[in-house]
Amino acid sequence: MRDTVEAHSDSVQSDDTETEVTVADTQAEASPAAENGFASLGLRPELLKALDELGYEEPTPIQRETIPYLMAGKDLLGQAATGTGKTAAFALPALQLIDGRAANKAVALVLVPTRELAMQVSEAFFRYGKDLGAKCVPVYGGQPIFRQLQALDRGVHIVVGTPGRIIDHIGRGSLNLDGIKMVVLDEADEMLDMGFADDIESILEGIPHAHQTVLFSATMPPRINSIAKRYQTDPVRINVVRGDTKASAGKVRQSAYVVQRNHKPAALGRILDIESPGGALVFCRTRHEVDQLTETMNARGYRAEALHGGMDQAQRDRVMSRLRDGTAELLVATDVAARGLDVDTLTHVVNYDVPSAPESYVHRIGRVGRAGREGVAITLAEPREQRLLQNIERLTKQAITIVKVPSVADLRAAQLEQTVAAIRESMAADDLDDFYPVLNALSGEANPQRIALAAIRLYHEMAGNIVDEQDIPDISHRMERRPDGGGPVRAGGKPQRGGERGHASDKGGATGFVHISLGRNAGIRPGDLVGAIANETDLVGREIGPIKITEKFAIVGVPDRSVDKVIAALKQTTIKGKKPTVRRYTD
Ligand code: AMP
């Protein structure tokens with residue numbers, strides 16, 4: 001029998017499983033912000049220190065639910081998308097296993113679908129494990145193998161890698177699995193979609209001794225369950241349940257901007273310049289982000305204040321009164337610090353990241369749109385976070401419109417419009433007569449139109465309109481939906497699976513074709529090609545296709561602009577153990 005975990009009080013038990021745990025954010029009550037919620041999970045002091053230094057104030061729901069089981073050595077099957085904090089959910093218990101000095105054998109092995117994720121996950125291990133002296137080595141295709149051999153040779157506690165490269169290392173004897181206590185399959189559904197099933201099974205079968213097997217996946221197709229059945233023992237299942245279906249986002253205009261992390265500060269500045277909110281609450285994940293963003297927004301001319309768990313009560317009270325009396329127009333806060341906050345002047349809520357649980361989105365945006373007033377909710381999402389957005393849409397049964405980040409021209413147009421509105425308002429006032437002396441003094445020197453233009457420019461500049469020329473790339477096409485609500489979201493519908501690939505041409509732009517000298521005779525299947533390309537380049541599965549495989553060769557469609565990049569990357573790698581010849585294919 002599987003472990004059953006009690007659901008939280010506000011969860012809705014779905015009828016398809018009896019073992020679900022809701023990961024709803026149930027800590028809506030004010031909690032002492034200074035108390036770090038991680039301490040109660042039993043993590044070692046070095047980890048608690050690292051988390052505190054990173055500015056994490058409390059575990060995310062998935063972390064709160066999974067970490068105790070993982071620390072108790074249980075197998076676990078967790079349903080969690082990117083952005084929920086799932087990496088720390090397995091990384092912290094894995095780091096708990098290491099003995100700082102002995103680094104001759106890895107204790108944990110993490111399998112991930114892509115090179116990008118391998119790097120991200122190993123960076124997370126490094127950040128959390130720095131006070132433990134944790135040695136984490138990422139191994140993935142595309143990087144010269146000798147560098148990885150050297151790194152493994154220097155000592156290793158944790159190996160994070162793509163299945164193909166891990167098999168390579170096991171075959172060479174450079175990766176010894178004798179000391180493995182925990183194996184994690186991260187984004188397991190993606191790995192299966194990319195054709196890694198055989199590789200994963202052969203890795204799991206290569207660890208004969210007892211160990212913990214942990215599986216995280218955004219979706220739970222039957223193939224995942226069958227891996228769980230074969231390779232896990234009595235796993236605890238932690239699922240993100242639909243949650244409270246009564247949750248409502250009220251009368252709030254909701255939109256999401258797709259933007260790369262490094263462009264977020266500039267994008268937020270530009271969005272707020274255009275929205276010109278009366279009062280805005282901006283949510284960040286960590287204290288550091290809060291401090292940094294407050295500084296950035298102040299530099300852009302906003303009166304921004306920070307609010308986080310590192311501040312004492314007197315500081316917090318001061319900030320709140322500045323927000324209430326309008327001295328501050330932006331409040332940048334963590335969830336913990338903003339709990340229970342209720343301010344009438346707020347018109348906008350901004351999620352600087354997609355919140356880790358759909359329920360916290362609902363809590364957050366509940367701060368605006370109260371008592372029938374209209375509010376605006378803005379979310380900055382990275383392309384990989386679209387699944388989280390879909391979860392939110394399912395919970396609220398409302399669509400979040402994908403919008404393009406305003407261009408420099410959009411910003412200028414909006415600024416001019418604001419100037420028009422301000423001057424219109426001024427013209428409607430009846431105390432203009434006081435300024436006749438100025439007009440009279442100037443009217444002998446220029447015609448009225450020129451005088452008006454000079455006065456408009458003066459106002460426009462003094463109103464603090466920023467000249468913002470920064471290039472912020474539009475990457476909204478990397479969402480599966482078109483920007484500006486290209487087709488309504490199917491509220492309550494099924495999430496769009498990463499595996500439901502379209503063609504390269506579906507994503508806008510022309511398709512180019514790559515000829516690869518391996519075909520059915522070499523055992524090549526579509527998943528192998530998608531896997532190799534997605535692994536070696538920054539293309540995602542749905543940008544790859546159509547695929548044609550003959551006995552001797554394969555032809556794969558990719559965005560035309562990426563053809564050369566794909567060729568260069570595939571020349572450096574092996575597919576099914578064979579080195580292909582790769583070239584551009586034209587009729
Ligand atoms: P993941 O879902 O693992 O990709 O994590 C998403 C983001 O959340 C990463 O940028 C993490 O650094 C951040 N994060 C994870 N856990 C926490 C936490 N408890 N508090 C604040 N940020 C977190």
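The legends below describe close-up views of a predicted model. Local features need pLDDT of at least 70 and side-chain atom pairs count only at pLDDT 80 or more, while totals for chains, interfaces and linings use all residues. Residues are numbered from 1 along each chain as its sequence is written, and side-chain values use heavy atoms, with hydrogens and water left out.

**View 1. Residues around the ligand.** The ligand is surrounded by 16 residues (a residue is near if one of its heavy atoms lies within 4 Å). Y56, E58, G83, G85 and T87 are the closest. The shell holds 3 nonpolar, 8 polar and 5 charged residues; Asp, Glu, Lys and Arg count as charged, Ala, Val, Leu, Ile, Met, Phe, Trp, Tyr, Cys and Pro as nonpolar, and the others, Gly among them, as polar. Domain 1 (7-241) and domain 2 (246-407 + 472-490) each supply at least three residues of this shell, with bounds from an automatic or database domain assignment.

View 2. A ligand oxygen atom lies 2.5 Å from an N or O atom in the side chain of Y56. Polar backbone atoms are 2.7 Å from a ligand oxygen at G85 and 3.0 Å at T84. Of the 500 Å² of accessible area that the ligand has on its own, the protein covers 86% (Shrake-Rupley method, 1.4 Å probe).

**View 3. The open sheet.** Seven strands (DSSP runs of E, at least two residues) lie in the order β10-β11-β9-β12-β13-β8-β14, with parallel pairing; two strands pair if DSSP finds at least two bridges between them. β10 (304-307) and β14 (401-403) are the edge strands, each pairing on one side only.

**View 4. Strand β10 beside β11.** β10 and β11 (residues 330-333) run parallel and are joined by 4 bridges. A304 stands opposite L330 in β11.

Definitions and conventions
A polar contact is a pair of N or O atoms within 3.5 Å; within protein, one must be able to donate a hydrogen and the other to accept it, and residues adjacent in sequence count only if both atoms are side-chain atoms.
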